[in-house]
Amino acid sequence: MNVTEMKVLILHGPNLNLTGFREPDIYGKKPLEEIDADIKTAAKGLNVEVRILQSNSEGILIDTIQEHRRWADAIVINPGALTHYSIALRDALASVRLPVVEVHLSNVHSREEFRHHSVISPITVGQVVGFGGYGYQLALNALLNLRKEVV
């Protein structure tokens with residue numbers, strides 16, 4: 001029997017449900033359902049339990065963060081456009097006092113100027129950008145390594 005190393009809440013923000021269809025030259029051709037399947041496969045191999053949610057609603061994302069504060073050991077989030085302006089989302093992430101990794105499918109730092117600023121990143125342990133859906137797997141590995149360094 002495998003022991004769960006960690007429980008991680010994975011959140012996809014607005015418009016990520018259209019991944020694979022929306023601007024595939026920027027966000028990739030892999031649909032979100034396949035990215036989620038890849039996350040689950042990687043998590044199983046790492047003995048990490050994941051719960052995954054995509055929502056276009058800021059309120060649902062905030063409610064989910066609060067509801068999972070006692071279940072999760074960490075949060076991986078791609079806030080989408082909320083990255084740049086949602087103080088409410090930032091405050092929810094900070095309030096649960098869990099390690100947070102911010103993920104973006106594209107390299108936001110090589111795109112439009114407004115995408116360079118994140119109100120989320122100052123409260124995270126790290127940011128993974130530009131690796132498409134694989135960024136979530138990188139985030140899981142980083143969280144496990146961080147946990148081992150702290151323990």
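Biologist: In which strand does His12 lie, and is His12 buried or exposed?

Modeller: His12 belongs to strand 1, where helices (H or I, at least four residues) and strands (E, at least two) are DSSP runs numbered from the N terminus. His12 is buried, its relative accessible area being 0%; buried means under 20%, exposed over 50% and partly exposed in between, with a 1.4 Å probe and protein chains only. This is a predicted model, in which local features need pLDDT of at least 70, side-chain atom pairs count only at pLDDT 80 or more, and totals for chains, interfaces and linings use all residues. Residues are numbered from 1 along each chain as its sequence is written, and side-chain values use heavy atoms, with hydrogens and water left out.

Biologist: Which residues does His12 touch, not counting those up to four places away in sequence?

Modeller: With contact taken as heavy atoms within 4.5 Å, His12 touches Leu32, Asp36, Ile39, Ile52, Leu53, Gln54, Ser55, Leu61, Asn78 and Tyr136.

Biologist: How should I read the sheet, and in what order do its strands stand?

Modeller: Strands of a sheet pair through backbone hydrogen bonds, either parallel or antiparallel. Here 5 strands form an open sheet in the order 2-1-3-4-5, with parallel pairing, and two strands count as paired if DSSP finds at least two bridges between them. Strand 2 and strand 5 (126–129) are at the edges with a single partner strand each, so one side of each has no neighbour in the sheet. Strand 3 is joined to strand 4 by 3 bridges, while strand 4 and strand 5 pair over 4 bridges. Glu102 of strand 4 is the bridge partner of Ile77, and Gln127 is the bridge partner of Glu102 in strand 5.

Biologist: Which way do the residues of strand 4 point?

Modeller: In a regular strand the side chains alternate between the two faces of the sheet. In strand 4, Val100, Glu102 and His104 point one way and Val101 and Val103 the other, and all are buried. Since 5 of the 5 residues of strand 4 are buried, the strand is largely enclosed by the rest of the structure.

Biologist: At what angle do helix 3 and helix 4 pack?

Modeller: Two packed helices are described by the angle between their axes and the distance between the axes. Helix 3 (residues 58–67) and helix 4 pack at about 5°, their axes 9 Å apart; axes are lines fitted to C-alpha atoms, for helices over the stretch in contact, and angles run from 0 to 180 degrees between N-to-C directions. That makes the two helices roughly parallel, the word used for angles under 35 degrees. Glu58, Leu61, Ile62 and Ile65 of helix 3 meet Ala88, Leu89, Ala92 and Leu93 of helix 4.

Conventions. Parallel < 35°, antiparallel > 145°, perpendicular 65-115°, else oblique.
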